[in-house]
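Keep the viewer open as you read.

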Amino acid sequence: TDEEIRAAAPHIHEVIDSAYDIYQTKGVESLVQYLSEKNSRKRNLCADQSLSTEEQKLDDDDDDAKISDDPRAYQVMMVERAKKQNTIVQLNTGLGKTLIAILTIKHF
C-alpha cells in the first residue's frame, strides 16, 4: 500500500545512500560485500519469519546476482537514459541492474 511505501522510504534511501557511498569510496568489491551482507541479513530475517518454500526459493535466486566490475558501457548508457526519461531496465541475473539502480537513484 502507499502507506507501507511511505514508511519504508527512509530505510530505502539510507540503503541506497550507503551503497553509493561504499561504491564511490571503496570500490566495487566493497559494494559486493555490503550487498552480500544485506542479503544474508535479509535471508536470516526471512527464515525467522518462516517463509513458504516458494518465497524462500525466490529469495535464494538473488544469490546469483553479483557486481563484478566497474560499470559497463551498457550500464552507463542505461543510467544516462534514466536520467532523462522514465526507463525500465530488463536484464538477466548478474548483468548489473542493482548498480544501474543505485547510480540512477543517487542522481535524483
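pLDDT is the predictor's confidence in each residue, on a scale from 0 to 100. For this protein the average is 76, and 72% of the residues score at least 70. The model is a predicted one, so to speak of local features we need pLDDT of at least 70, and side-chain atom pairs count only at pLDDT 80 or more, while totals for chains, interfaces and linings use all residues. Residues are numbered from 1 along each chain as its sequence is written, and side-chain values use heavy atoms, with hydrogens and water left out.

On to the fold. The protein has five helices and zero strands, where helices (H or I, at least four residues) and strands (E, at least two) are DSSP runs numbered from the N terminus. Along the sequence that reads α-α-α-α-α. Where pLDDT is low, the predicted coordinates should not be read in detail.

Now some totals. Of the 108 residues, 21% count as buried; buried means under 20% relative accessible area, exposed over 50%, and partly exposed in between, with a 1.4 Å probe and protein chains only. The protein exposes about 7900 Å², and carbon and sulfur atoms supply 51% of that; the areas come from the Shrake-Rupley method with a 1.4 Å probe, and for residues only the protein chains shown count as cover. Among contacts between residues at least 6 apart in sequence, 58% join residues at least 24 apart.

Follow helix H1 next. Its 25 residues (2–26) should span 36 Å at 1.5 Å a residue, and the end C-alpha atoms are 35 Å apart, which agrees; the expected span is 1.5 Å times one less than the number of residues. H1 bends by about 40° at Ala-9, and a proline, Pro-10, follows within four residues. That bend is the angle between axes fitted to the seven residues ending at a residue and the seven starting there. The buried residues of H1 are Ile-16, Ala-19, Tyr-20, Ile-22 and Tyr-23. Just after H1, Gly-27 takes a positive phi of about 95°.

What holds the middle of the picture? A nonpolar core is a set of buried Ala, Val, Leu, Ile, Met, Phe, Trp, Tyr and Cys residues joined through side-chain atoms within 4.5 Å. The largest has 14 residues, of which Ala-19, Tyr-23, Leu-31, Tyr-34, Leu-99, Ile-102 and Leu-103 touch the most other members. H1, helix H2 (28–48), helix H4 (73–84) and helix H5 (97–107) each give two or more residues to this core. Zoom in on Tyr-23: leaving out residues up to four places away in sequence, Tyr-23 touches Val-28, Leu-31, Asp-70, Pro-71, Leu-99 and Leu-103.

Thr-104 lies in helix H5 and counts as buried because its relative accessible area is 12%; beyond four places in sequence, Thr-104 touches Val-79 and Ala-82. Val-32, in helix H2, is buried too, at 15%. Ile-88 sits in the loop between H4 and H5 and is exposed, since its relative accessible area is 81%.

Key
Contact means heavy atoms within 4.5 Å.
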